[in-house]
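Hi,

Here is the structure I promised to send over. Have a look at it first, and then read on for what turned up.

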Amino acid sequence: MDRNKTVVQRFRALIKRNKKGIFRLLVYVVYICFIVAAFLLVGAYHSGLASIMGLNDQVQLDLQSIANVVGIASAALALVISNRLASENELESSRNQIYQQLEFQSIQQFRFEIDHVDLARIIWEDSESYAELKKDDDRSYQVLQLICQVLNLFEMAFRFKADGIIHDDVFNSWVAWIYDLCSSEIFLHYWYLEGIRDNYIVLFQESIDLGLEKAHTKEKVDEIKKKVKDPGYEKGLAEFHKFMQNIFIEQR
């Protein structure tokens with residue numbers, strides 16, 4: 001019983017890994033069946049069709065004729081599929097190169113944090129409080145730039161996932177990394193109080209907002225939001241966004 005279950009599981013896994021190939025094969029088979037059926041119907045009812053369309057009903061169709069037509073149709077379909085496969089392979093290669101660049105940038109980020117352990121510990125371990133950092137403008141600025149550096153990587157991964165460049169299992173490792181940052185008290189304060197949030201696309205903003213709420217509770221996030229020094233900034237930024245969008249619309 002267990003052996004049969006294992007065989008079924010392996011068969012399902014094989015199908016899952018080769019969904020696209022199986023789909024193409026099915027399309028090919030259905031296409032050929034359709035061509036054969038069409039010519040058989042024409043051969044069986046050509047007199048009636050010729051009468052309806054006002055054509056000569058002296059039509060000679062045999063198996064060799066059908067085979068020739070099916071062969072031509074099969075060759076045409078094979079060419080289309082071959083071109084499609086080549087295009088998909090080229091796209092996949094391009095995606096891999098883009099993702100490799102992202103991974104290289106993440107390695108560079110790790111190296112930077114190794115060289116600046118004190119700053120890295122602030123955002124990942126909350127080794128200093130937000131109040132303490134604000135007493136030292138230079139150090140606070142360094143932490144701000146480090147957070148933006150990490151967020152830029154996350155946003156790139158986010159965009160690549162939205163564009164289908166990163167697969168689910170790979171993106172899940174980035175999700176864990178993003179959530180680790182959301183768990184930081186320092187990041188919670190910087191995200192809302194230092195104007196970082198407005199530097200990113202709306203969908204990414206909302207994702208980080210949710211991560212912060214899950215890591216710290218919505219009540220705590222709302223409490224931090226109330227400390228925003230310039231509530232008019234959001235309104236001004238929204239108006240500026242609208243102005244910039246209108247500029248590009250007018251240029252079209």
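Let me begin at the start of α8, where a side-chain oxygen of Ser184 comes to within 3.3 Å of the backbone nitrogen of Ile186. Bear in mind that this is a predicted model.

Helix α8 itself covers residues 185-193, and eight of its nine residues are buried. Those buried residues are Ile186, Phe187, Leu188, His189, Tyr190, Trp191, Tyr192 and Leu193. The elements that cover them include α4, α5, α6, α7, α9 and α10. Just past the end of α8, Gly195 has a positive phi of about 75 degrees.

On the α6 side the contact is made by Val150, Leu151, Leu153, Phe154, Ala157, Phe158 and Lys161, and on the α7 side by Asp168, Phe171, Trp174, Trp177, Ile178 and Leu181. By type, these residues split into eleven nonpolar and two charged, with no polar ones.

One more residue to look at is Gln109, which sits in helix α3 (residues 63-115). Is Gln109 buried or exposed? Its relative accessibility is 3%, so Gln109 counts as buried. Beyond its neighbours within four places in sequence, Gln109 contacts Leu146, Gln149, Val150 and Leu153. Val150 and Leu153 also take part in the contact of α6 with α7.

Cheers

Definitions and conventions. Residues numbered from 1 in each chain as written. Predicted model: local features only at pLDDT ≥ 70, side-chain atom pairs only at ≥ 80, totals over all residues. Heavy atoms only, no water. Buried < 20%, exposed > 50% of the residue type's maximum accessible area, 1.4 Å probe, protein only. Helix = DSSP H or I, 4+ residues; strand = E, 2+ residues; numbered from the N terminus. Contact = heavy atoms within 4.5 Å. Polar contact = N/O pair within 3.5 Å; in protein donor to acceptor, adjacent residues only side chain to side chain. Nonpolar A, V, L, I, M, F, W, Y, C, P; charged D, E, K, R; others polar.
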